[in-house]
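Please look over the model below before reading my points.

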Amino acid sequence: MPTRPPSRCAACRQPRTAGGRCGCRRSSQRQAAATRAEWSWVYADPRWPLLRDQVLSEEPLCRARCGSPPAVVDHIRPHRGDELLAFDRTNLQAMCKPCHDGKTAHETGFAGAGAKRLSAARVTLVCGPPCSGKTTYVRERAAAGDLVVDWDALAQALGSPHPHAHPRALVPFIAEARDAVIARLERRHDVASVWIIATAPRASDRAWLAPDGARVVLLATEEDECVRRARRDERPAGTIEAVETWWRTYRADQSNAPPR
């Protein structure tokens, strides 16, 4: 009776065992664990608990905007044992554990189906303060069939009764829906152009939202003009404060940015 030839592992192309397993993935996981162990000195360093407490006290909500209180301090750019990156306050952000675990899986390539596969889509992140004209900018440039990731549009699709003021209970779901769409860009698709609309006052926010190779358009419309538009359009209470907060955060981030 003919027997079925042994299959090969899609990753290493070596024949699988009789049980259909391959040792390459287990080996790569052991190697990754050993590498992480080499970096663990950072978290035993006496500077780390002080820096961790500082970040958690300064940032009361998860920086992934899920609305949850943070429990983990994340390195925006993985430090991989680099002392400067490990203890740089501007490279740190507070996150809840689920969001942090998802970011780590995305960075290490263990999210979804193995290694990341970046598509050839043109991705543009359009950011700026409320009332800066982000939605208008995209509407005037997006073509039919382009993918538009807009916080306010997602909020309304998920049940928000207002185009700009969304119930707080919906915020975690809006954030997860947005992040899921952005993560989906890492897998194969047929979308030619992608537009992501966000406030993103910090450079780290923009780096988190924009996939590798994305174009970033920063609409830094003057604060007074944004306030004028908010009053003209009768935006919800809190919009003017949000404009002021955006500019305060943006200016602080600019002043803390390392020299180029």
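This is a predicted model: local features need pLDDT of at least 70, side-chain atom pairs count only at pLDDT 80 or more; totals for chains, interfaces and linings use all residues.

1. Residues are numbered from 1 along each chain as its sequence is written, and side-chain values use heavy atoms, with hydrogens and water left out.

2. The largest nonpolar core has 13 residues. (Such a core is a set of buried Ala, Val, Leu, Ile, Met, Phe, Trp, Tyr and Cys residues joined through side-chain atoms within 4.5 Å; buried means under 20% relative accessible area, exposed over 50%, partly exposed in between, with a 1.4 Å probe and protein chains only.) Among the members that touch the most others are Val123, Ile196 and Ala200. Strands S3 (122-127) and S5 (193-198) each give two or more residues to this core; strands (E, at least two residues) and helices (H or I, at least four) are DSSP runs, numbered from the N terminus. A second, separate core of 9 residues includes Trp48 and Leu92.

3. Valine 191 sits in the loop between helix H8 (171-184) and S5. Its relative accessibility is 25%, so valine 191 counts as partly exposed. Leaving aside neighbours within four places in sequence, valine 191 is in contact (heavy atoms within 4.5 Å) with Ala121, Gly145 and Leu147.

4. Which residues line the largest cavity? They are Arg63, Ala64, Arg65, Gln93, Met95, Asp205 and Trp208. (A cavity is a set of points on a 1 Å grid over the protein atoms alone where a 1.4 Å probe fits but cannot get out; lining residues have an atom within 4 Å of a point.)

Definitions and conventions:
On a 1 Å grid over the protein atoms alone, a cavity is a set of points where a 1.4 Å probe fits but cannot get out, and a pocket is an open set with protein on both sides within 12 Å along at least five of seven lines; lining residues have an atom within 4 Å of a point.
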